[in-house]
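Please keep the 3D view open while working through the points.

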Amino acid sequence: MALVEVKVPDIGDFKDVEIIELLVKPGDTVKAEQSLVTVESDKASMEIPSSHAGVVKELKVKLGDKINEGTLLLVIEAAGAASPVRAEPVEAPRAAASAPIAASTSTSSARTESSATASSGAVVDVVIPDIGDFDEVAVIEVFIKPGDTIKAEQSLITVESDKASMEIPSSHAGVVKDLKVKVGDKVKKGSLIATVQAAAGAAAAPVRAEPVEAPAQAASTPSTSSGRTEGGAARAEGGAGRAEGVTLPAHEPSVLQTNLPHASPSIRKFARELGVPLDEVKGSGPKGRITQDDVQAFVKTVLSGAQQTKAQAAKAPAGGAASGGAGFPGLLPWPQVDFTKFGPVERRDLSRIKKISGANLHRNWVMIPHVTNHDDADITDLEAFRVQLNKENEKSGVKVTMLAFLIKACVAALKKFPEFNASLDGEQLVLKQYVHIGFAADTPNGLMVPVIRDADKKGILQISKEMSELAGKAREGKLGPAEMTGGCFSISSLGGIGGTYFTPIINAPEVAILGVCKSATRPVWDGKAFQPRLMLPLSLSWDHRVIDGASAARFNTYLAQILGDFRRILL
Ligand code: CAO
C-alpha cells in the first residue's frame, strides 16, 4: 500500500481560492475522481476530485484555507493495483480544464459562428456551443423568457451532467423572441436554446472576434478526461472565472443570476432527487452556501409539518399557509373565495409574531393528541387572602394577581406528578429536574409566552414582580429569546378578560398546559345548603401520548385542593 500525496491540479486562473467544504475525512475510502473539497472564488465554486482511490490517511487542509495549484490536499493510502496515476507524481495536468471552461470556450466559438451572420435587428439562433464530452445533458434551470432583454455572455440556462453543472451564456445581446428549451430537456452541441432579435447597434463582444481555442484536453469531461484521471480536475459550478487560454462565462449580476441558490452540483442533484426547491433552502455554509445538511434539515421540517414549500402553500388553505403546516392528503383544497363579491374588504399582513406563533400552534395542534379536562377550584379564601395581601403591599408597587398563586400551585402539582414536567423525545420521556413556567401574554402584535425560571425557588411576591416585568416587556416587543425558552409547563389565563372554559393548545415540547378563565361566585352545595363560593374554571390540556386521563384528573383535583386551601402546598 503506497502513500500518495494528492495535490490541487491546474485550476486555471483560480488563485488563493478558499476551501468552503471538506467532503472527506481521515479513514474515508474514496474512489478516484471522487470530490475531496469544494473551493470558491468570488465568482465560482468547484469541487476538486481525487486523483487516486484509497483510504484517506491525513487531511492537509482545513476549512477556510486558501489553496492554489500544487497545494497538498491529503495523503491517501492507495488501494489495490496501481492506477496509471500512481506511478507518476500527482501532477495537475494542463488538461484538467473543467466542464464550464470547456463550455465557455466553445461558447466563444459558437458566438463567432453566430455573430458572423448577425446584424442589428436580425433574429439569430442561439445554440448550445461545443460543450466537450457532455452529450445529452439535462437542462436544470432556465433563466430567460420571451421578451427578456439579454446581454452577450449573460447566462441563459444551466445544464447538468451527473458530475458537473455549467451555465450556457448567450452569444448575442438582444431580445429573446422564442425560447426553445425547458427544464428537463436534454440538449447537446447545436441544440437551439432561443431565437434572439439582436440588439440594434450591438457590437460583437470582443471575444467573438477571437475564438479562444481550448486545449484539446479541455473539452474532456471530468469522467473521461485522461488528465482528470491522472491529475484530478477542478469542476466548476455555475460560475464565471478564467482558466488558462479560455474565458469562462461571464456571471451577469442580473436579478435572475443573484436569485440562484448557492449550491454545488452534487447538492443540486441531491435536492432535485428529493424534490427539494433549492431556492427555498437557507444555506448555512460560507457565504450562504447550501450544504447537504441544509437540504436534509429542510426535508425534515417539511415532513414534520413545521414548514411548507411554496408549492404546498399555494395549494393549502390561506390560514394553513400562514401557519406553515403541511397540507393533508385527501382533504379538499381550502375554499378560494373572492370576498369582494360580497362586500368591501381590507387585506392586512399577519404580524411576524402571528406568523411564527401560528406555525407553532398549527404544528402542535396537528401533532399532539390533545385531551382537555375541565374542573373548578374554590378560591373564595385565596381571593380574600390576595385582596388583603395587595392592601398590605399597596406601597410596594407589586400587585399580586391570581396568576401568581396559580403558578405556585402548578409548581406543587408538577412536583407531585412529574410526567407533567416532561418532554417526549422519540420513545423516551425527558423528566425535568427544574421548574420553569411559561405564561401566555396577550400583546398588540400577538401571543407571546414569557417564562418564569425556577418558579419552585421563588415566592409569590417575586413571581408577581417578574410576571409584571416580563408581561410589560412582551407588550413592548422587548423580550429576549432567553426569556421565552426553556419552559416546562404553560398557563394561559383569560381570567382578567372573561369566559368559562376553553381548550388551550399545548406548547410543544411541553406535555400539558393549564387554561384559566374568570372566576365567578356560584352556589355550591356544602352537603346541607348552597353556599356562595368564588369558583375558578380550570381547563387542563394534556398530551395523551404521555399522560393518562386518570393522571390528568388527579392533577386537576390536586390543583383545585391547593387553590381551595393554599396551606396544603406545605404538606
Ligand atoms: N378571575 C377573575 N379575575 C381575574 C382573574 C381570574 N381568573 N385573573 C385576573 N383577574 C383580574 C385581576 O385581578 C385584575 O383585576 P383588577 O384590575 O381589578 O386588579 C384583572 O383581572 C386584570 O388582570 P391582568 O390580566 O392584568 O393580570 P393577570 O396576572 O391575571 O394576567 C397576563 C397577566 C399577562 C397573563 C394577562 O394580562 C394576559 O395577557 N392575559 C391573556 C393571556 C392570553 O391571551 N391567553 C390566551 C392564549 S391562547 O390564545
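1. In this predicted model, a polar side-chain atom of Ser-492 lies 2.9 Å from a nitrogen atom of the ligand, while a polar side-chain atom of Thr-401 lies 2.5 Å from one of the ligand's oxygen atoms. Gly-495 takes part through its backbone, with an N or O atom placed 3.4 Å from a ligand nitrogen.

2. How much of the ligand does the protein bury? Taken alone, the ligand exposes 960 Å², and 67% of that is buried by the protein.

3. The ligand is surrounded by 20 residues, and the closest of them include Ser-492 and Thr-401, together with Lys-399, Asp-442 and Ser-519.

4. The elements that supply two or more residues to the shell are strand 24 (441-443), helix 12 (460-475) and strand 27 (489-493), and helix 12 gives the most, with three residues.

5. Turning to the interior, nonpolar side chains in soluble globular proteins tend to be buried together. Here the largest nonpolar core has 56 residues, and those with the most contacts inside it are Leu-406, Phe-489, Ile-491, Leu-514 and Leu-563. Among the elements that give two or more residues to this core are helix 12 and strand 27, although helix 11 gives the most, with twelve residues.

Note on methods:
Residues are numbered from 1 along each chain as its sequence is written. This is a predicted model: local features need pLDDT of at least 70, side-chain atom pairs count only at pLDDT 80 or more; totals for chains, interfaces and linings use all residues. Side-chain values use heavy atoms; hydrogens and water are left out. A residue is near a molecule or strand if one of its heavy atoms lies within 4 Å of it. A polar contact is a pair of N or O atoms within 3.5 Å; within protein, one must be able to donate a hydrogen and the other to accept it, and residues adjacent in sequence count only if both atoms are side-chain atoms. Accessible areas come from the Shrake-Rupley method with a 1.4 Å probe; for residues, only the protein chains shown count as cover. Helices (H or I, at least four residues) and strands (E, at least two) are DSSP runs, numbered from the N terminus. A nonpolar core is a set of buried Ala, Val, Leu, Ile, Met, Phe, Trp, Tyr and Cys residues joined through side-chain atoms within 4.5 Å. Buried means under 20% relative accessible area, exposed over 50%, partly exposed in between (1.4 Å probe, protein chains only).
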